[in-house]
Amino acid sequence: MVAAGAPRTFADPLLAPGTQATVSTDGLHVRGGPGTDQPPVAALDAGTQVDLLGVSADGGWWRIASDTSVGYVSADYLTPSGQLSASGIFDIDLDVPYSPQLSPIWCDPADIEMWLGYHGDSRGAASARLQAAIWDWETSHNAGFSVDQWDCSPYAVASAAQHWMAGIGFDHFLYDDPLAGSRVLAWLLAHPMLHEPSIALVWRGLHYILVRGVRSIGDPAQDPNGAQLLGFYVADPDRRADFWLGQDRFISIDRWVNELFTPISYRTPHTGVPGDVWQNRMVAIQRSWTASGPTEGGRRNATPTDYA
């Protein structure tokens with residue numbers, strides 16, 4: 001979750017999480033992370049009312065929600081309105097330190113590096129040496145597949161998570177329905193005893209990203225099947241790519257299930273072979289309910305009840 005306080009003096013000291021503010025300039029960029037280097041996702045006109053969700057560590061950027069977008073805007077262009085934010089919204093964005101991938105192919109090692117940092121491991125800071133070591137582990141634990149068949153299979157990524165975060169327990173999870181799988185990701189994020197991110201394989205197997213937060217109407221931990229998912233916050237490690245999503249990007253649930261969290265296809269280069277267990281299914285690497293490590297077949301169509 002973004003920091004609740006900051007060392008820098010805010011543009012206006014009355015800006016506070018849980019309240020609303022007014023945009024003071026036309027064409028204010030909403031970005032997929034706190035900084036001008038983050039990709040723009042929308043623009044807001046002067047006079048737009050926004051909910052303040054959280055502030056960046058330096059106090060210079062606020063994560064906001066408007067009627068049309070969620071993302072980060074500069075604090076310098078927000079004026080407090082004195083109104084409370086809309087009620088009934090559940091919003092959690094885990095405090096995950098960002099690590100970019102340091103080669104064209106190390107997206108999953110960078111995701112694991114971020115996950116390590118979230119668990120307080122000092123190794124979870126951007127390091128070419130660590131990312132290379134994770135990659136080497138994955139390619140040597142690749143469920144029997146060559147790198148040409150699977151750059152790194154979901155089993156390999158789960159194996160690396162298990163190796164570097166021993167004692168927690170990870171597996172690769174397969175879903176036939178993207179919304180059902182999304183509900184499990186949301187439950188893991190929201191549950192007060194877990195607050196656990198996951199790694200999702202997106203764009204039909206093209207790329208691994210870290211799922212770091214969820215926004216919904218209702219609490220997914222208390223009502224896993226009834227909460228209305230609005231979308232997820234993701235950290236995309238591949239800053240070099242023209243499709244880079246950002247380090248703390250909100251993805252609406254419609255875009256998530258129709259564009260990102262989509263069935264794996266071997267027609268995507270280095271993404272499996274016909275008949276392997278991941279084909280035509282949505283795939284994530286998640287914390288499991290046992291500490292024994294990944295299984296060959298993975299966990300199929302898991303639900304929050306399985307974790308009980």
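In this predicted model, the side chains of Arg 63 and Asp 93 meet in a salt bridge at 3.5 Å, N to O, where a salt bridge is a side-chain nitrogen of Lys or Arg within 4 Å of a carboxyl oxygen of Asp or Glu. Arg 63 lies in strand β5 (residues 61–65) and Asp 93 in strand β8 (residues 89–93), so the pair ties together parts that are 30 residues apart in sequence; helices (H or I, at least four residues) and strands (E, at least two) are DSSP runs, numbered from the N terminus. Arg 63 counts as buried at 1% relative accessibility, and Asp 93 counts as buried at 0%, given that buried means under 20% relative accessible area, exposed over 50%, and partly exposed in between (1.4 Å probe, protein chains only). Both residues belong to a network of salt bridges that also links Asp 91, Arg 212, Arg 215 and Asp 248, and the structure holds 11 salt bridges.

Residues are numbered from 1 along each chain as its sequence is written. Because the model is predicted, local features need pLDDT of at least 70 and side-chain atom pairs count only at pLDDT 80 or more, while totals for chains, interfaces and linings use all residues, and side-chain values use heavy atoms, with hydrogens and water left out.

A salt bridge of 3.1 Å, N to O, joins the side chains of Asp 176 and Arg 300. Asp 176 lies in the loop between β9 (170–175) and α4 (178–190) and Arg 300 in strand β15 (residues 299–300), so this pair ties together parts that are 124 residues apart in sequence. Asp 176 is partly exposed at 41% relative accessibility, as is Arg 300 at 46%.

Asp 276, in the loop between α5 (253–260) and β14 (282–287), is buried yet has no salt bridge, and the nearest side chain of opposite charge, Arg 281, is 6.9 Å away. A polar atom of the Asp 276 side chain does lie 2.9 Å from the backbone nitrogen of Val 273.

The largest pocket holds about 380 Å³ of space and is lined by 21 residues, of which Ser 66, Asp 67, Thr 68, Ser 69 and Val 70 lie nearest its centre. A pocket here is an open set of points on a 1 Å grid over the protein atoms alone, where a 1.4 Å probe fits, with protein on both sides within 12 Å along at least five of seven lines, and lining residues have an atom within 4 Å of a point. The largest share of this lining, 4 residues, comes from β13.

Technical notes
Grid points are joined across faces, edges and corners, and a volume is the space filled by probe spheres set on the points. Lys and Arg count as positive and Asp and Glu as negative; His and the chain ends are not counted. A polar contact is a pair of N or O atoms within 3.5 Å; within protein, one must be able to donate a hydrogen and the other to accept it, and residues adjacent in sequence count only if both atoms are side-chain atoms.
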